[in-house]
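Dear colleague,

Please find below the structure that I am handing over to you. My notes on it follow directly after.

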Amino acid sequence: MAASLEGTNSLIIIGGGEFANLIRKYDGDIGFSEDVTHETAIDCMDIMAKLLDDKLAFTEISYSIEDAMEVSDSGKIPILICSEILRENDPLMHSWNVTSDSISAYVAGLLNARLLIATDVDGIYDKNPDLPGAELINEIDVNELLSFKESSIDLMLPSLLIKFGLNCFVVNGEHVERVLSLMDDDALKAFPYTFIRCD
């Protein structure tokens, strides 16, 4: 999907993928401190960012917000390495309730940018999408999400959206045309996605 972002005014923050999932598994089996799992999961995001940048000619790794803005001004798309920013400011709780979703919201808040989360399902459902009868929620007020115990976004994200006054789109990243369409404007779309409304 990232290859289709060439020419767009974007900043990419990529999750830790299977690397972070392995740390979560080891944590469940062995039990590490929350500080260590938080830090190493973010390290996994850094690894994924470097691997992604290696495959794309139109991107460049950035280590700070200022760095990212300079890369964007040069015509390339910044892929943000988040570890240094988070280490300096430590703005988020150290918990599995915080993933790249919340980290992206934090960065979007700093930049006053539109936030789009590309995931592996069509959006947010009223229950686990693998369960019979699960229904996609097309639009939801962010305050309603505060009571959700499980969804396709992390549990900290709603609080950060409220803090920064951000709306958010959650869309299936396997459908590139949906991602690009949502980046284009705020008009209602015919395909499935979830709009989290904060304003």
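The second largest pocket holds about 160 Å³ of space. A pocket here is an open set of points on a 1 Å grid over the protein atoms alone, where a 1.4 Å probe fits, with protein on both sides within 12 Å along at least five of seven lines. Points are joined across faces, edges and corners, and the volume is the space filled by probe spheres set on them.

The model is predicted: local features need pLDDT of at least 70 and side-chain atom pairs count only at pLDDT 80 or more, while totals for chains, interfaces and linings use all residues. Residues are numbered from 1 along each chain as its sequence is written, and side-chain values use heavy atoms, with hydrogens and water left out.

Residues lining the second largest pocket (an atom within 4 Å of a point) include Asp 120, Tyr 125, Lys 127 and Glu 150. By class, this lining has 4 nonpolar, 4 polar and 3 charged residues; Ala, Val, Leu, Ile, Met, Phe, Trp, Tyr, Cys and Pro count as nonpolar, Asp, Glu, Lys and Arg as charged, and the others, Gly among them, as polar.

Turning to the sheet, 4 strands form an open arrangement in the order β3-β7-β8-β6, with mixed pairing. Strands are DSSP runs of E with at least two residues, and helices runs of H or I with at least four, numbered from the N terminus; two strands pair if DSSP finds at least two bridges between them. Because β3 (115-119) and β6 (139-141) each have a single partner strand, they stand at the edges, and one side of each lacks a neighbour in the sheet. β6 runs parallel to β8 (residues 194-197), joined by 3 bridges, and Asp 141 stands opposite Arg 197. β7 and β8 are antiparallel over 3 bridges, with Val 170 partnered by Thr 194.

Helix α8 (residues 176-184) lies across β3 and β7 (168-172), at about 165° to β7. Contact means heavy atoms within 4.5 Å; axes are lines fitted to C-alpha atoms, for helices over the stretch in contact, with angles from 0 to 180 degrees between N-to-C directions.

Yours sincerely
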